[in-house]
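Colleague: Hi, I'm new to this one. Could you walk me through a few things in it?

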Amino acid sequence: MNKPTNELMQMLHTEEQIETYLSQNKEEFLDIPLCSYLNQLLTNYAVPKNEVIKRSCLNQIYAYQIFAGTKHPTRDKLIALIFGFPLHLDDAQRLLRVGQVSELYPRKKRDSIILFGLQKNLSIQEVDDLLFELGEETIV
C-alpha cells in the first residue's frame, strides 16, 4: 500500500494487460468502504472506537453510524475523526480520499491551519480555537 501515484501511472502506462496491473495493485485502490477503513484504522492504531468518537467531539450516535457505514460523513466530520484518533498525515489524507472528499491542501488557509494542528498533535478543540481566531470556519 501507498505507492506514489506517479509510480502507479508509470506501471499503468507500461502494462500490457489491465488484469495484471489490477491484481498487482489491488491494495492501492480506494474502493473499500469507508466503515471498513475506519475499523482498520482502529486496529492499526490500537485505539477504542469510543475514545476516537469522544475526542472527535462528534455526536456519539452519528459517529457510531459513520463507523457502521449507515451515514456518509462530510469532509469536516472526517477531519474531526482524524483528530479523534489522531492519525498520521498519510493515514489522514487516505481517510479523506476513501471518504471521497478532498485532501487537506496546504495552499488553502483553512487546510493549512488544520494541517498545522495535526502535525502539532493539537486536539480538535484547539484547532477549532485557532480556526476561529484566524477567521476561518470551525470544524465542529
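This is a predicted model: local features need pLDDT of at least 70, side-chain atom pairs count only at pLDDT 80 or more; totals for chains, interfaces and linings use all residues.

Modeller: Happy to; what follows is a short chat about a few spots in this structure.

Colleague: Thanks! Let's start on the outside. Which residues form a nonpolar patch on the surface?

Modeller: Met9, Leu12, Ile18 and Leu22 do, and together they have about 360 Å² of accessible area. The elements that give two or more residues to this patch are helix H1 (5–14) and helix H2 (18–24).

Colleague: And where does leucine 22 sit?

Modeller: Leucine 22 is in helix H2. Its relative accessible area is 40%, so leucine 22 counts as partly exposed.

Colleague: Okay, let's go inside. Is leucine 81 buried or exposed?

Modeller: Leucine 81 is buried, because its relative accessible area is 0% and the cut-off for buried is under 20%. You'll find leucine 81 in helix H6.

Colleague: What is leucine 81 in contact with, leaving aside its neighbours within four places in sequence?

Modeller: With those neighbours set aside, leucine 81 is in contact with Leu38, Val52, Ser56, Leu58, Ile66 and Phe67.

Colleague: How far is leucine 81 from glutamine 65, going by C-alpha atoms?

Modeller: Their C-alpha atoms are separated by 13 Å, and the two residues are 16 apart along the chain.

Colleague: Then which peptide bond here is cis?

Modeller: A cis peptide bond joins phenylalanine 85 and proline 86, with omega at about -20°. Proline 86 belongs to the loop between helix H6 (75–84) and helix H7 (89–98).

Colleague: And what about phi at alanine 46?

Modeller: Alanine 46 is not a glycine, yet its phi is positive, about 50°. Look for alanine 46 in the loop between helix H3 (34–45) and helix H4 (49–56).

Colleague: Why does alanine 46 count as exposed?

Modeller: Because its relative accessibility is 69%, and exposed means over 50%.

Colleague: What about cysteine 57, how does its phi look?

Modeller: Cysteine 57 has a positive phi of about 65°, and it is not a glycine either. The loop between H4 and helix H5 (60–68) holds cysteine 57.

Colleague: How accessible is cysteine 57?

Modeller: Its relative accessible area is 33%, so cysteine 57 is partly exposed.

Colleague: Great, thanks for the tour!

Notes. Residues are numbered from 1 along each chain as its sequence is written. Side-chain values use heavy atoms; hydrogens and water are left out. Patches are made of residues with over 30% relative accessible area and no salt bridge: like charges are joined within 9 Å, nonpolar side chains (Val, Leu, Ile, Met, Phe, Trp, Tyr) within 5 Å. Accessible areas come from the Shrake-Rupley method with a 1.4 Å probe; for residues, only the protein chains shown count as cover. A salt bridge is a side-chain nitrogen of Lys or Arg within 4 Å of a carboxyl oxygen of Asp or Glu. Helices (H or I, at least four residues) and strands (E, at least two) are DSSP runs, numbered from the N terminus. Buried means under 20% relative accessible area, exposed over 50%, partly exposed in between (1.4 Å probe, protein chains only). Contact means heavy atoms within 4.5 Å.
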